[in-house]
Amino acid sequence: MKHTDERSRPAPALPTREPVRLVDRHGRRVGHSSFTAPDPARLVELHRAMLIGRRFNQQAGTLARQGRLAVYPSSTGQEAAQVGGVLALSDQDWLFPTYRDSVALVAHGVDPVRTLTLFRGDWHCGYDPHRYRCAPQCTPLATNASHAVGLTYAARRKGRDVAALAMMGDGATSEGDAHEAYNFAAVWNTPVVFLVQNNHWAISVPLRQQTAAPTLAHKAVGYGMKGYHVDGNDAAAVYAVVSHALAEARAGGGPAIVEAVTYRVDPHTNADAPQRYRDPAEVEHWKERDPLIRSERLIREECLLGDTEETERALAAFGAEADGIADTVRERLAGQDELDPRSLFTDVYAAVPPLLEQEREALADELREV
Amino acid sequence: MAAAPTPGVSMGEALNRALHDAIEHDPDVLVYGEDVGPLGGVFRVTDGLIGAFGQERVFDSPLAESGIVGTAIGMAMYGLRPVVELQFDAFAYPAFEQVVSHLAKMRNRTRGAVSLPVVLRVPYGGGIGGVEHHSDSSEAYYAHTPGLRVVTPGTPADAYSMLREAVECDDPVVFLEPKRRYWSRQEVDLPVRTEPMATPVVRRPGTDATLVTYGPMVETALEAAETAAAEGRSLEVVDLRQLAPLDDGVVTASVRRTGRAVVVHEASVFGGYGAELAARIGERCFHYLEAPVLRVGGLDIPYPPPKLEHHYLPDASRVLAAVDRLQWESAWVEDGEGGRIRP
Ligand SMILES: Cc1ncc(C[n+]2csc(CCOP(=O)(O)OP(=O)(O)O)c2C)c(N)n1
């Protein structure tokens, strides 16, 4: 890979203060000078994936309340940002998600039950990252971003056309690691799109206490990257902008930050107490901007699924599919897999070293005693 | 005046050659970090590599330790074998989260699906007159983290061989380079392969007491053993090489033979790596010991300024003073019936 003087690239334009929006909250299209909404089939696909995501969030929330999951960070309200971002990826691209992004994983094709392995407490990551082109869900904030940079760097060196979507929250952009990843990506010109879901809260801390930047997308400018400020509850807009940013990055135009403005409707996790820090009226305001209502209205308004009858049938089928996935998740999580304690020692090193061998034997003795 | 060429290979040269051979051997190996390109690293360990292999394989990265380790993790996830230099011990700390939370744990988190063959080269320790933050011995921080291999060579031959092995290893390796030994020389023909790095090596056999040591203190311990021999005391020197995961079989066998042990390292003693060794020796050799296991190390203070560092650094005489404290008068007495008791 060439290490040229990237400063010869033209200075990127400032992101717009007004987020890119292609469909308003009433489901009506909004014209935009730079971006167009995806085709009808894609719009329908986005809706379907969001429905599945919403149902998945609800089911996981229930399982957490029942104690079947140790914890669950819901992304209800953020489905458009996650689904819109992920569906823009092509078949060889990688996803670098956080704990908040289970819906993104499901949309990316990861087995829904396996996405919950972390929250279930069985293991830290329930899927093979290579198989799904998806890194483990990352809990330390912003640390996944530089992995995305390294992976795409390696892929380019190996002559493969691989881009990555690195996800993080608004709070995570304050971390030093976010800065380092942005800077590395820009200097190395690796095809990474950093998708920042600005859901307005980092646990209890509001965005204004997190940054003084006009938008989080503005941060891109200082790195010599493009920044896009998008309505994160408009799946069409997120999809269009992320697709554009990925295409540009792939073509050598450099990485980008996409800030998707959205809202975390639920508590941070099931263990959170949001009444301590935020006004319920704010939540109501955002519920009116629900991404699913918006895309459903668009589908009905524009008859994207056919006439009224066909539309009802198709939407009901999506609902049934989402319910089916939720049912499967519930059923498969109800059965308690026996975890083998000996597996504790197998994947610490490439081969089990003598020290761990000794501990494995000691644990086996303990197990025999009980 | 042209100096006569010094015979042998220095540790710095051995490391340089190891990197050279590793890059040549495997197209997936690349070397990057701060100033490793045209400058050849602040200690010149990467000298000439960019000229030999080009900036495809050897390059300067932005100045950001966490980003260096984080990108190396991503590269390794996609099949490369990055060898990165973290310029100085104390400047590797910004990368600590990436090392502990991701590098060390990725294999475990993914149930073996992702391995990270990354080598972090960290010049560590004092003795070169560095100002603050240039002389830390940080091995205990890394050794306390399961999932990492922590190794440190004590000789030029090991430096070559262990670095080649580290690059070939599918585990992440923190490769601690005892920076004050960069200029230590040894007669050796490179390339050379020494014992596998996971195995401690008896550097010098002896019968009266065992000095357990590693990295920068190997030379010091050998010097102490040399002096002791002249004074009629036979010290065995065990060089651990790989600090974690530890294979303590060689240490146990040695101490059981000699009955006395002194752990020698450069780092501060309190809560240090030597505490682990002393505890293990205590657990495994208790009935063989003639004296408590002693530890010799740096003082329990922040690393001092250059003009005072010689007071901090353990030297051969501090090691020998500890050896003298090993209760050479046997604590055992004959019980009159052919056995031994402690009175
Ligand atoms: C390095 C680090 N510091 C602190 C935490 C604890 N923590 C978990 S989530 C969170 C808030 C993150 O907010 P944001 O990045 O906006 O993401 P969101 O949870 O809203 O999706 C904090 C502080 C952490 N996970 N990692």
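**Stop one: where the chains meet**

Start by showing chain B and chain A together: across their interface, the rule finds 20 residue pairs in polar contact, both residues at pLDDT 80 or more. A polar contact here is a pair of N or O atoms within 3.5 Å; within protein, one must be able to donate a hydrogen and the other to accept it, and residues adjacent in sequence count only if both atoms are side-chain atoms.

Before going on, some housekeeping: this is a predicted model, where local features need pLDDT of at least 70 and side-chain atom pairs pLDDT 80 or more, while totals for chains, interfaces and linings use all residues. Residues are numbered from 1 along each chain as its sequence is written, chains are lettered from A and ligands numbered from 1 in the order in which they are written, and side-chain values use heavy atoms, with hydrogens and water left out.

Select the whole contact (heavy atoms within 4.5 Å) and you pick up 49 residues from chain B and 46 residues from chain A. The two chains bury about 4,000 Å² between them, 60% of it on carbon and sulfur atoms; that is accessible area (1.4 Å probe) lost on putting the parts together, summed over both. On the chain B side, click Tyr78(B), Arg109(B) and Arg111(B): they lose the most area to chain A, together 20% of what that side buries.

Next, zoom to Asp28(B) and Lys158(A), whose side chains meet in a salt bridge at 2.9 Å, N to O. The term covers a side-chain nitrogen of Lys or Arg within 4 Å of a carboxyl oxygen of Asp or Glu, and the rule finds 2 across this interface.

**Stop two: the ligand**

Select the ligand, which lies between chains A and B.

- Arg100(A): a polar side-chain atom lies 2.7 Å from a ligand oxygen.
- Ala172(A): a polar backbone atom is 2.8 Å from an oxygen of the ligand.
- Leu141(A): a polar backbone atom sits 3.2 Å from a ligand nitrogen.

Technical notes
Near = heavy atom within 4 Å.
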